[in-house]
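Hi everyone, thanks for making time this morning.

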Amino acid sequence: MPLSRRLTTGLGMATVTALAAITGAPPAVVAAPAPAHVTAAREAASWLAGEFTDGSLPGPFAPEDWGLTIDGLVALSATGVDAPTRQAATAQVARHVRSYNSYDDWGIEGFTDGGATAKLLYAAAAAAADPTDFGGYDLRAETLSLIATADAGHQRGRITSRTTADSGPDASNTFDQSFAVLGLARSGDLPQDTVDFLIRQQCAAGGFRLYPDAADGPSPSCDDQPGATLDVDSTAMAVQALLAAAEDGATGAGDAARKGADWLVTQQHTDGSFGGSGPTTGANSNSTGLAAQALAAAGRDDEAARAAKALAALQLTAGNGGAASADAGAIAYNTDGFTTAAAAGITDTDRDQWRRATAQALLGLAQVPLGRIGLD
């Protein structure tokens, strides 16, 4: 039943009709309150919006961190919080495209980072901007130009970087490939080759590896790489990208997404949290946020709800924040970070970690799929 026709007061229809007749007013329709996890997401987004200055978020080594700013913009777009900050951030990112996807600012010309370009393409679409004219750049055309063609062999369909002798080897990974699929799906036709390359990063168990190539050389598929490390974060990104691809009609995407979601369920801790791989193996809000978002997108509602509960346990409130209560809404990276902040507040040194954790974690509370941000 549409919300506009739903009565939420507990009064019977006859009673409401009688009251309307007495007062001469039409029956009032009251919107249902937002679920607790959605309210928590908005509170996190409100805190994050307050960390922006002139449309950007700072990094530990520069007054503007464009990667983090994009993460923040996507997070705010997922919740609809603070339209002026979202607009300012969109404008600032558009003005600094080459500061993010090139080495121009360091005097190395001719390099374009494939993953950064794909992420910009997705962010422009999620922020309801024109990705074909974003700061004067056609990000869709640029991304397509960085997709490896048939002569690349098993690399066909991979997002790559345009490199120079000084810029080193291509380091594009499964995150980058997922952003390429998401951005292209959101901005026009989605090449099947791009989807196929992403699917080849999935091992038989269902999880996705982070890097398409092994350290000792190219591996055409995940199962061809001995001892491939399956990664929660990469899998969560790939699941969401493949769900968007399936909606776009891509072959094989839906089955791969479901298999990836099944694998994520096997990685969930008893308290609902998730850890990543390598240095992020321990339970953390970044991995939990992405996993919760992916599980919700795949219809695994119970598991997504458990993950959201774990995230809520890491969120500062006026009641549990202690010395950090002024930063209510922010989400800690892990329990140690939460405990430290509650005891001594969020220090200037730690604030960068809180911004990064909150931007990604709140996606698991909002539970709007990456493929739908800016559309719903």
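Predicted model: local features only at pLDDT ≥ 70, side-chain atom pairs only at ≥ 80, totals over all residues.

Residues are numbered from 1 along each chain as its sequence is written, and side-chain values use heavy atoms, with hydrogens and water left out.

So, the whole chain. The protein chain has 15 helices and four strands; these are DSSP runs, H or I of at least four residues for helices and E of at least two for strands, numbered from the N terminus. Of its 376 residues, 51% are buried. Buried here means under 20% relative accessible area, exposed means over 50%, and partly exposed is in between, with a 1.4 Å probe and protein chains only. The chain exposes about 16,400 Å², and carbon and sulfur atoms supply 53% of that area; the areas come from the Shrake-Rupley method with a 1.4 Å probe, and for residues only the protein chains shown count as cover.

How far apart in sequence are the residues that touch? Taking contacts between residues at least 6 apart in sequence, 61% join residues at least 24 apart, where contact means heavy atoms within 4.5 Å.

Now please turn to the pockets. A pocket is found on a 1 Å grid over the protein atoms alone: it is an open set of points where a 1.4 Å probe fits, with protein on both sides within 12 Å along at least five of seven lines, and lining residues have an atom within 4 Å of a point. The largest pocket holds about 1,000 Å³ of space; a volume is the space filled by probe spheres set on the points, which are joined across faces, edges and corners.

Which residues lie nearest the centre of the largest pocket? They are D71, K119, N173, F175 and Q360, out of 39 lining residues. Several elements supply at least two residues each to this lining, including α8 (174-187), α10 (232-247) and α12 (285-297). The largest share, five residues, comes from α3. By class, the lining has 19 nonpolar, 11 polar and nine charged residues. For those classes, Ala, Val, Leu, Ile, Met, Phe, Trp, Tyr, Cys and Pro count as nonpolar, Asp, Glu, Lys and Arg as charged, and the others, Gly among them, as polar.

The second largest pocket has a volume of about 360 Å³. It is lined by 14 residues, and E64, W66, S99, Y100 and W106 are the closest to its centre. Both α3 and α5 (97-101) supply at least two residues of this lining, which divides into seven nonpolar, three polar and four charged residues.

Let's zoom in on N173, one of the residues nearest the centre of the largest pocket. N173 sits in the loop between α7 and α8, and it counts as buried because its relative accessibility is 14%. A polar atom of its side chain lies 3.0 Å from the backbone nitrogen of F175. Beyond its neighbours within four places in sequence, N173 is in contact with L210, Y211 and P212.

Another asparagine, N101, is in helix α5. Is N101 buried or exposed? With a relative accessible area of 3%, N101 is buried. Its side chain makes a polar contact of 3.0 Å with the side chain of T117. A polar contact is a pair of N or O atoms within 3.5 Å; within protein, one must be able to donate a hydrogen and the other to accept it, and residues adjacent in sequence count only if both atoms are side-chain atoms.

Most residues other than glycine have a negative phi. D54, though not a glycine, has a positive phi of about 50 degrees; D54 is in the loop between α2 (36-49) and α3 (66-79). A128 is not a glycine either, and its phi is positive at about 65 degrees. A128 belongs to the loop between α6 (114-126) and α7 (139-145). D54 counts as exposed because its relative accessibility is 65%, and A128 counts as exposed because its value is 63%.

Last stop: D376, in the segment after α15 (348-366). D376 and A78 are 298 residues apart along the chain, with their C-alpha atoms separated by 8.9 Å.
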